[in-house]
Amino acid sequence: ICEWVGHSSDKVLFHWACEKIRAARGSAQTDEQLCQTILEKFQRCPGIGFADVARVAAEMYRPHLATVLLNHEPRSHAQVQVLVQLSREGDEKDREIMLRLALDKAARSWDPDLMNSAISAACMGDPCERGSDIQSCARLIKEKLYELQVVGDMVTKQLLAREQFDRARMLNDLLDRKRPAAFAALHRVFRQQNYDERTKLLRFSKDLFGINDPSATDSEKSSMQFMAQACVEEMDLLAAQLTLEEKANAKSWGRSFGSTPQRFLGLPLVTTLVKLLELGEVREANELRTRMKVSDKRYWRIKIRGLAAAGSFEELNAFAIVTSPIGYEPFVETFLKYGRQDFALALVPKVKSSEQQAQYYQQMGLHDQAQRARSQGQERSGAGRLLNILGVGRG
C-alpha cells in the first residue's frame, strides 16, 4: 500500500512496531517473540532505525527487549544516546545494565565523544569533578575489564590532565591495574617542592611499583622493576640536592650581596651537575657523579657543557689533555662555538678523521691546513689499499 500511494514505509513500520509493543503490555508474549516479529517486518527496510523503537520498549517496562532491539541498531551514537537516556529512567538495577551496555557500545565504536558521554553518565557527571562517582564507573569497567580497558585509560588520562592524581590512582586501584596506579601516584611527586613530601610520595610510588602483579606481562614487570629502582635513585638524588643547598647557602656559592640563595632541590641530575660546574664547584660535581653512578662518556659531555657555560676555558683545555673516552670533536666544537680558536687549533690534530680535521680548519679560515689534512687522509687511504692488494698483514 505504501508503495502504491508513494508514502515511505519506514514511518509506517516504526509506528506499527511501537503500537505492537504497547499492545503486548500485560500479554504472555515474550521479549524474544516480540523482537523476532519486529525483525521480520524490518528486514524489508534495511535502513530503518531501532533506537526509537527500543526507547518505547523501555517505556513499557521491557528493558530486555529494548537492549535486544538496540543490538540491531547500526548507528553507534544512537545506541549510546538511547542507553544513556534509559539509564536515567529505570531503577538502580536497570540503570547499571544500561550503563554497562552504553560503555561497551561506546568502547567498540572508538568514538571519543561517545565514550565521554557514557563515562559522564556512569560517573553521574564529569569524572574530574569532586562530586562524581568514580567508584560506580570503576565497578562497571571492572565487570568487562579487557573490553573496557580503553574506557579506563580515557578516564585516567582525563584525571591526570586535570591533575586529579589521587582520583586517578584510586580508579586504577579499584580496577587492580597496578602499573597505571603507580604512575598516577608518581605524577604527584613532580608537583611537590617540599623535600619531606616529595620523598614520602617517591617511597609510596616505589612500593606501588614493587607490588607483584600476576597478570602483568614480562615487559610490564621489567618496567615496574625499573621504575621502582628509578624512585630509589630519585630519593638519593633529592637527599644529595638537599645537602648541596645547605652547603651552597652556608658557603655562599656564586652569590653576591642580596642575591637569592642557590636552589638544587627537584632539578634533574644533568642540570644539577651542570649548575655545580657553572658555579665552579667541580669537586662537588665529581662526588655527585660518583654517587649517582654517571658513566664516563656521559659525564665528560656534561663537564664540557658546564665548564664552557661557566667560561672556564683554561680548565676545559686542561681537561682535554687527558685521554678522552668521547674523542676530541666535542672539545673542538665547544671551543669554536665560544670563539676560542686558540684552544681548538691545538686539538684538531687529535681528531681521528682527516676529513673532519679539514672541516674544522676550514671553519677557522685555515684553508692551506685544511687542504693538507685532506691530502694526508688520501695518502693514508691509498697506502692502505695498496697493502691490501699486496696482501701485507694477512694471515
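**Close-up 1. Residue classes in the lining of the largest pocket.** This lining divides into 11 nonpolar, 7 polar and 8 charged residues. Ala, Val, Leu, Ile, Met, Phe, Trp, Tyr, Cys and Pro count as nonpolar, Asp, Glu, Lys and Arg as charged, and the others, Gly among them, as polar. The model is predicted: local features need pLDDT of at least 70, side-chain atom pairs count only at pLDDT 80 or more, and totals for chains, interfaces and linings use all residues. Residues are numbered from 1 along each chain as its sequence is written, and side-chain values use heavy atoms, without hydrogens and water.

**Close-up 2. Centre and volume of the largest pocket.** The lining holds 26 residues. R177, R179, P180, D213 and E220 lie nearest the centre. The volume is about 600 Å³. A pocket is an open set of points on a 1 Å grid over the protein atoms alone, where a 1.4 Å probe fits, with protein on both sides within 12 Å along at least five of seven lines; lining residues have an atom within 4 Å of a point. The volume is the space filled by probe spheres set on the points.

**Close-up 3. Helices at the largest pocket.** α10 (149-161), α12 (178-189) and α14 (218-251) each supply at least two lining residues. α12 gives the most, with 5 residues. Helices are DSSP runs (H or I, at least four residues), numbered from the N terminus.

**Close-up 4. The contact of α16 with α17.** The axes of α16 (residues 282-291) and α17 (residues 296-310) come within 12 Å and cross at roughly 155 degrees. That makes α16 roughly antiparallel to α17 (angles over 145 degrees). Axes are lines fitted to C-alpha atoms over the stretch in contact, and angles run from 0 to 180 degrees between N-to-C directions. V282, A285, N286 and R289 of α16 meet D296, Y299, K303 and L307 of α17. Contact means heavy atoms within 4.5 Å.

Conventions
Angles under 35 degrees count as roughly parallel, over 145 as roughly antiparallel, 65 to 115 as roughly perpendicular and the rest as oblique.
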